[in-house]
Amino acid sequence: CGVSRLLQHGTNPADRKNKDVTTLEWSSDGELLATGSYDGVARVWRRNGALVHTLRSHRGPIFSLKWNRRGNFLLSGSYDKSTIVWDVSGDTGFVKQQFNHHLAPALDVDWKDDVTFASCSTDKTVHICRVGSSRPLQTYTGHTDEVNAVKWDPSGTLLASCSDDCTAKVWDVSRAPGGVNEPLHDFKVNPTKALMLATASFDGSVRLWNVQDGSCIRVLSRHRDSVYSVAFSPSGEYLASGSLAGQLYIWKVREGRHVKSFKGKGDIFEVAWNKEETRVAACFSSNVVSVIDFFGAR
């Protein structure tokens with residue numbers, strides 16, 4: 001499991017801004033990689049490492065980036081309390097719409113479809129917004145502490161959120177929400193098994209959950225430090241997890257077995273798979289993104 005390319009974000013010694021890479025996301029076709037950094041700049045790269053877009057409008061660190069499925073919009077959430085939809089369909093990326101509904105830093109975002117998305121914040125709320133609309137379509141206020149992550153299920157009918165109030169909640173847009181009580185930080189929905197949820201925790205554990213009944217299916221215990229990000233592979237067969245100590249593990253979901261590992265320099269803020277399930281990207285606090293080859297495991 002070797003690194004194929006490093007994308008340097010801080011090569012100018014005269015620019016002293018902190019460029020820790022805090023988030024990253026592959027486009028749905030696997031051709032572009034978006035990265036967000038502590039300097040408030042989003043960047044879009046080609047697979048060969050060429051820089052395509054440099055997107056500047058946020059006034060604080062970027063915490064989350066997500067492509068819509070069509071690939072024409074990139075969504076970002078920032079410490080400056082705003083979320084921005086960027087139009088990156090042309091040669092020059094620009095702000096399509098900026099949303100200023102949160103009262104505190106926006107920690108995560110996720111698309112429901114090509115124009116509708118959810119966002120969450122340290123203001124304890126979850127908003128559902130749509131490009132072209134000036135107000136949120138819906139707002140959830142059930143959490144009692146900052147909300148760290150949001151994720152739609154593949155059908156777009158359920159929205160999961162997790163919070164520092166030690167709960168993960170699954171919201172039905174037409175019914176009352178339900179919750180799973182366990183300290184969490186980040187999670188992703190299994191793309192091929194819509195009722196399976198993966199969570200990562202500051203206690204170093206990774207857990208797989210049955211969303212339908214809230215039961216814990218399996219605990220993956222190998223990390224020695226806080227786990228900050230998890231991501232299912234496109235097939236749902238594998239799960240990648242990254243910790244604050246720079247340790248990346250890849251797990252075989254069905255068996256709960258560790259199959260690959262990679263150790264980088266700095267803390268891992270986020271991990272993401274490419275479309276072909278042959279590479280995992282990890283962003284580190286050392287101003288780099290590591291793109292790691294993965295050829296599966298038997």
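## A loop residue with positive phi

Lys124 sits in the loop that joins strand E11 (116-121) to strand E12 (126-130), where strands (E, at least two residues) and helices (H or I, at least four) are DSSP runs numbered from the N terminus. Although Lys124 is not a glycine, its phi is positive, at about 80 degrees. Its relative accessible area of 38% makes Lys124 partly exposed, a class that lies between buried, under 20% relative accessible area, and exposed, over 50% (1.4 Å probe, protein chains only).

A second residue of this kind is Asn287, which is not a glycine either and has a positive phi of about 75 degrees. Asn287 is placed in the loop between strand E27 (279-284) and E28, and with 22% relative accessibility it counts as partly exposed.

## Basis of the model

This is a predicted model, in which local features need pLDDT of at least 70 and side-chain atom pairs count only at pLDDT 80 or more, while totals for chains, interfaces and linings use all residues. Residues are numbered from 1 along each chain as its sequence is written, and side-chain values use heavy atoms, with hydrogens and water left out.

## Overall architecture

The protein has 28 strands and 0 helices, and of its 298 residues 56% are buried. Among the contacts (heavy atoms within 4.5 Å) with a separation of 6 or more, 41% are between residues 24 or more positions apart.

The protein exposes about 12,900 Å², of which carbon and sulfur atoms supply 45%; accessible areas come from the Shrake-Rupley method with a 1.4 Å probe, and for residues only the protein chains shown count as cover.

## Aromatic pairs

Across the whole structure, a search finds 11 aromatic pairs, defined by rings of Phe, Tyr and Trp (its six-membered ring) whose centres lie within 6.5 Å, with planes under 30 degrees apart counted as stacked, over 60 as edge-to-face and the rest as tilted. The ring centres of Tyr238 and Phe294 are 5.0 Å apart and their planes stand at 80 degrees, so this pair is edge-to-face. It links distant parts of the chain, since Tyr238 belongs to strand E23 (residues 238-243) and Phe294 to the segment after strand E28 (288-293), 56 residues apart. Both Tyr238 and Phe294 are buried.

Phe294 also forms an edge-to-face aromatic pair with Trp273, at 5.4 Å centre to centre and 80 degrees between the planes. Because Trp273 lies in strand E26 (residues 268-273) and Phe294 in the segment after E28, this pair ties together parts that are 21 residues apart in sequence. Trp273 is buried, as is Phe294. One aromatic cluster is formed by Phe73, Phe99, Trp111 and Phe117.

## Cysteines

A search of the whole structure finds 0 disulfides, a disulfide being a pair of cysteine sulfur atoms within 2.5 Å. For Cys162, the closest cysteine sulfur is that of Cys120, which at 7.4 Å is too far for a bond. Cys162 counts as buried at 0% relative accessibility, and Cys129 counts as buried at 1%.

## A buried aspartate

Asp172 lies in strand E16 (residues 167-172), and with a relative accessible area of 16% Asp172 is buried. When its neighbours within four places in sequence are left aside, Asp172 is in contact with Tyr140, Thr157 and Leu158.
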